[in-house]
Amino acid sequence: MWSPDERRFIFVTGKGGVGKTTVAAALGRALAARGKRVLIAMCNAKERISSMFASELVGSEIVLVGERIWAVNIEPERAFEEYGRMVLKVAALYRVVFQNKYVRSFLPAVPGLSEWAMLGKAWYHTTEVSERGGHRFDVVLLDAPATGHGLDMLRVPKIILEIVPPGVLRRDAESAWKMFTDPARTGVVVVTLPEELPVTETLQLVQSIDHELELPLGTLVVNRVVKSLFSETEASELAKIEPDEIPVGAAGGDVESDEAQGVLQAAARRAIQERHQAASLERLFAHTDAPRIVLPFLFDDAATPSAIKKLAEYF
Ligand SMILES: Nc1ncnc2c1ncn2[C@@H]1O[C@H](COP(=O)(O)OP(=O)(O)OP(=O)(O)O)[C@@H](O)[C@H]1O
Ligand SMILES: [Mg+2]
């Protein structure tokens, strides 16, 4: 069983809409409950953390959203400016570089630069020291952007190491990469759904993390898994039924028959969903032996504090 507790940096990735932000919030909540100081960093995302924690809106400033939990929504341009300010400490130089119209117009277009600004900022927060001495945050959870599974973002430090001449940028990329590749400090959490396409994509994603990027895979999180409602016998009986062929509403006003047919149709549909889910899970687990956490499908809104609390119990 993989433990997130000793990690300093956790990268939450997966295809769009699979539940990355929900998982980041639940994992963050679990770690905070065990005494960790947690920062959840999102990358220019649609803000939903505030409803998950019933907090104020989360923008590009770090805000406290729960006990020992902070969150921030990193905006690439701002992150880049902040970084520039840190690196180019001399204000005059900063102004020349970053407030120059020409520089401002081309900087965001440099490939990888805005990704590095966001990733670099998230990494930077792992290095911050608080007034009390220790780390400002024990762990930074990065909720990766959905495009390219956020892996494009993780490719950037390697590229910087290869092409950028020695200097501050390279020094930071080196330290960040050292942390990201260290299984004692970093873990990549891959979120997926128990469905055919997401499973195929997840297997490719795991392959890239293991072999191309050589980053430490922490755990797979299979989200939105429905409970099996039927016994084996019931399931095999239901498998014989084609739900769309049930003549719902054709009982000529016999309400009871109509209702019974409606229930049967719903049961047959659910049985199909369960069969597809079981097949997807079987394929996923046959092709990777990564640790796994299975989260239930929640029928109520998952972006609420009580839902996040419930999901946190699985971590
Ligand atoms: N276990 C669950 N049960 C039911 N609904 C869920 C569950 N997990 C997430 N959801 C819902 O699914 C939707 C997508 O979740 P979420 O926003 O966390 O995905 P995401 O991967 O961060 O998406 P994006 O790629 O757009 O950032 C949300 O409406 C969320 O509330
Ligand atoms: Mg999200």
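Mentor: One term to start: a polar contact is a pair of N or O atoms within 3.5 Å. Keep in mind that this is a predicted model.

Trainee: OK. Which atom of Thr 22 lies 2.5 Å from an oxygen atom of ligand 1?
Mentor: A polar side-chain atom.

Trainee: Which residues come nearest to ligand 1?
Mentor: There are 16 around ligand 1, and Gly 17, Lys 20, Thr 21, Thr 22 and Leu 298 come nearest. By class, the shell has seven nonpolar, six polar and three charged residues.

Trainee: Which element gives the largest share of that shell?
Mentor: Helix H1, with three residues. H1 spans 20-33, and strand E7, at 217-225, also supplies at least two.

Trainee: Switching topic. Where does ligand 1 sit?
Mentor: In the largest pocket. That pocket has a volume of about 520 Å³.

Trainee: How many residues line the largest pocket?
Mentor: The count is 26, with Gly 19, Lys 20, Thr 21, Thr 22 and Arg 48 nearest the centre. The lining has 13 nonpolar, six polar and seven charged residues.

Trainee: What supplies the largest share of the lining?
Mentor: H1 again, with three residues.

Conventions:
Residues are numbered from 1 along each chain as its sequence is written. Chains are lettered from A and ligands numbered from 1 in the order in which they are written. This is a predicted model: local features need pLDDT of at least 70, side-chain atom pairs count only at pLDDT 80 or more; totals for chains, interfaces and linings use all residues. Side-chain values use heavy atoms; hydrogens and water are left out. A residue is near a molecule or strand if one of its heavy atoms lies within 4 Å of it. A polar contact is a pair of N or O atoms within 3.5 Å; within protein, one must be able to donate a hydrogen and the other to accept it, and residues adjacent in sequence count only if both atoms are side-chain atoms. On a 1 Å grid over the protein atoms alone, a cavity is a set of points where a 1.4 Å probe fits but cannot get out, and a pocket is an open set with protein on both sides within 12 Å along at least five of seven lines; lining residues have an atom within 4 Å of a point. A molecule sits in a cavity or pocket if more than half of its atoms lie within 2 Å of its grid points. Helices (H or I, at least four residues) and strands (E, at least two) are DSSP runs, numbered from the N terminus. Ala, Val, Leu, Ile, Met, Phe, Trp, Tyr, Cys and Pro count as nonpolar, Asp, Glu, Lys and Arg as charged, and the others, Gly among them, as polar. Grid points are joined across faces, edges and corners, and a volume is the space filled by probe spheres set on the points.
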